[in-house]
Amino acid sequence: MATYSSRIEAVPAARWTWGRGLITRERLAPVVAGAVLLVIWEVWVRAQLPDFVARPSGIVMAIPSTIATAEFWSGVAATLGAILEGVAIGSVAGILIGVSMGRVREFDWFMSTYIRALYALPLIALVPIIILWVGYQPAARLVIVVISVFLPVAVTTADGTRAISKEYLDVGKMFGARTRNIWFGIALPSATPFIVAGIELGFARGITNAIAVEILASVNGMGMSVFTKSNELNENASLVYVLCLAIFAVGIRTLMIRFRHWLAPWYHR
Amino acid sequence: MNDSGAERLVVENAGLRYGQLDVLADISLSVGISEIVSIVGPSGCGKTTLLRCVGGLNQLNYGEIRIDGQRVEKPLPIVSMVFQHFGLFPWKNLWSNIAYGLKLRHAPKEEIDRRVADAIDLVGLKGFEKSYPHQLSGGMQQRAGLARALVMEPKLLLMDEPFSAIDAQTREQLQFELLRIWDRRPTAMIFVTHAIDEAVLMGDRVIVLAGRPAHVRAVRKVDLPRPRDRSVVSSPAFINLREQVWHDLFDQPGANGARIQ
């Protein structure tokens, strides 16, 4: 029997460790950097700037009063709901169009130029026009998120499904795979890492553009609250919303990395 | 060459070109019902291309390939192939990789379970059903590649340099295991390799393919007893044949020595 290799990579441990190695220098470094930055910010605002300017202690104090409001929770629900819905629709559409582009050369000829042009365009430039077309309402936000996700997913799916290893195709043909089996049984799974990367990028763009719509069209959501709180000179409350958006964005990124490891454990980057 | 019952595969005057480049010229050969034919030749001589034509993955420009009298124009269900780089799907575990062909043919679930378990047992992979290819060594991956081909119970097995991407010790182990498996289930087989030892060890006949375009330069009958084990490798008959095939391959045409037996 051949030897079984589990491919566990040895990582040299940092030297200063406490509590069973949970606290390492590598993990401590960003905490220290953050603390230093917060202290500088706090001291500077207190020493030099007017009272309404946001400062770390003010933001922390503003958290309870901000999240105790109905406005906060309806905003969070509206923004996150629209983003998740848009990502779902945009991903499915992007995967279907992308796999068609990747597997049917003629279809790619028709689509590729325009999909890639739109993909390269900063979509935020289209936000005002789409608001005019769809109206000053939540639907505009959903449309923007769908497009923001659809474009990168279509592009990465097309690239991923086009570049399948020839040997996989030979195996498929040899064992009797039909076109449908090759699309959904070989091309799509082998392109999973590409597709997940596309969805991840779509999420980031979708969040950005959703916030832009909320601000420009006064659609209820976290972006609108950031804007109104800031206009009311309540900078601390405004930054509580920004903090929540940051947590959401980082959380999504972490989840997507896990998602890729789970879907494509063979793929190491 | 005749088509009368005893031949599983008949290749007649096969020729193929890529654009202006002639790859195969006028190749004729046959493989018996339970015969192993080795095809040996220098790298890039076209032996894999010939095998792919037999598998229905490439098309001839002229000539004809028949398996059990049926013309090969696309992959036939009675033919299986083992690939040089294994070709296992990394997103499927070993069990699912091996069950792939049967699932595509919509075999009943109980039958798939039974045949896959048999094949896994045959190649010695019991206990690794749930493992993914990237967790296994090359030798074990190719065992799975072999099981995936055998589970289809093919009438013709095509081996495309199956052990060339595997380390030398494991390769030797797998060669004898393949012979053991074949003794249990004799089937027609084409074994493409660039290793002369391997060609002689496996084959009932060795076909030497060479030249540009590739043509059959020599056919050597291998009169070694079966079942073959390690003792065969040191026998005078084996060493003698290996020398003959070496000369078939590397002597310039027109130099001394017979070309064809």
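Modeller: A residue is called buried if 20 or more other C-beta atoms lie within 10 Å of its own, exposed if 12 or fewer, and partly exposed in between, with C-beta atoms placed from the backbone. In helix H7 of chain A, the buried residues are A:Tyr168, A:Val171, A:Gly172 and A:Met174. Helices (H or I, at least four residues) and strands (E, at least two) are DSSP runs, numbered from the N terminus. This is a predicted model, in which local features need pLDDT of at least 70 and side-chain atom pairs count only at pLDDT 80 or more, while totals for chains, interfaces and linings use all residues. Residues are numbered from 1 along each chain as its sequence is written, and chains are lettered from A and ligands numbered from 1 in the order in which they are written.

What covers the buried residues of H7(A)? The cover comes from both chains: it includes H8 of chain A, and also helix H1 (47-55) and strand S6 (79-82) of chain B. After H7(A) comes A:Gly176, which has a positive phi near 90°.

H7(A) belongs to the boundary between the chains. Here 21 residues of chain A are in contact (C-beta atoms, placed from the backbone, within 7 Å) with 24 residues of chain B. On the chain A side, at least two residues each are supplied by helix H7 (166-174) and helix H8 (179-190). H7(A) gives the largest share, six residues. Sorted by class, this side of chain A holds 12 nonpolar, five polar and four charged residues. In this sorting, Ala, Val, Leu, Ile, Met, Phe, Trp, Tyr, Cys and Pro are nonpolar, Asp, Glu, Lys and Arg are charged, and the others, Gly among them, are polar. For the complex, the predictor gives an ipTM of 0.89 and a pTM of 0.81.

Now the rest of chain A. Its domains (bounds from an automatic or database domain assignment) are domain 1 (17-48) and domain 2 (62-263). The C-alpha centres of these two domains of chain A are 33 Å apart.

Further along chain A is helix H10 (residues 222-231), with A:Met222, A:Gly223, A:Met224, A:Ser225, A:Val226 and A:Lys229 as its buried residues. They pack against helix H3 (70-103), H9 and H11 of chain A. Just past H10(A), A:Leu233 has a positive phi of about 60°.

The axes of H3(A) and H10(A) come within 8 Å and cross at roughly 135°. Axes are lines fitted to C-alpha atoms, for helices over the stretch in contact, and angles run from 0 to 180 degrees between N-to-C directions. Angles under 35 degrees count as roughly parallel, over 145 as roughly antiparallel, 65 to 115 as roughly perpendicular and the rest as oblique. H3(A) and H10(A) are therefore oblique. From H3(A), A:Glu71, A:Gly75, A:Val76 and A:Thr79 meet A:Met222, A:Gly223 and A:Ser225 from H10(A). This contact of H3(A) with H10(A) has two nonpolar, four polar and one charged residue.

Helix H9 (residues 192-217) and helix H11 (residues 235-263) of chain A have axes that come within 10 Å and cross at roughly 170°. H9(A) is therefore roughly antiparallel to H11(A). Among the residues making this contact are A:Phe203 and A:Ile207 of H9(A), with A:Leu245 and A:Ala249 of H11(A). By class, the contact of H9(A) with H11(A) comprises 12 nonpolar, one polar and three charged residues.

H11(A) also contains A:Ala246. Is A:Ala246 buried or exposed? A:Ala246 counts as exposed because it has 11 C-beta neighbours inside 10 Å. Its C-alpha atom is separated by 19 Å from that of A:Ala197, 49 residues away along the chain.

Seven residues of domain 1 of chain B are in contact with four residues of domain 2 of chain B. On the domain 1 side, six are nonpolar, one is polar and none is charged.

One residue of chain B to look at is B:Val11, in strand S1 (residues 7-18). B:Val11 counts as buried because 24 C-beta neighbours lie inside 10 Å. Beyond its neighbours within four places in sequence, B:Val11 is in contact with B:Ile27, B:Ser28, B:Leu29, B:Val54 and B:Ile65. B:Val11 and B:Ile65 are 54 residues apart along the chain, yet their C-alpha atoms are separated by 4.5 Å.

Lastly, confidence. Chain B averages a pLDDT (the predictor's confidence in each residue, from 0 to 100) of 90, and 94% of the residues score at least 70. Over residues 255-261 of chain B, pLDDT stays under 50, and the model has 10 contacts beyond four places in sequence for this stretch. Where pLDDT is low, the predicted coordinates should not be read in detail.

Notes:
Contact = placed C-beta atoms within 7 Å.
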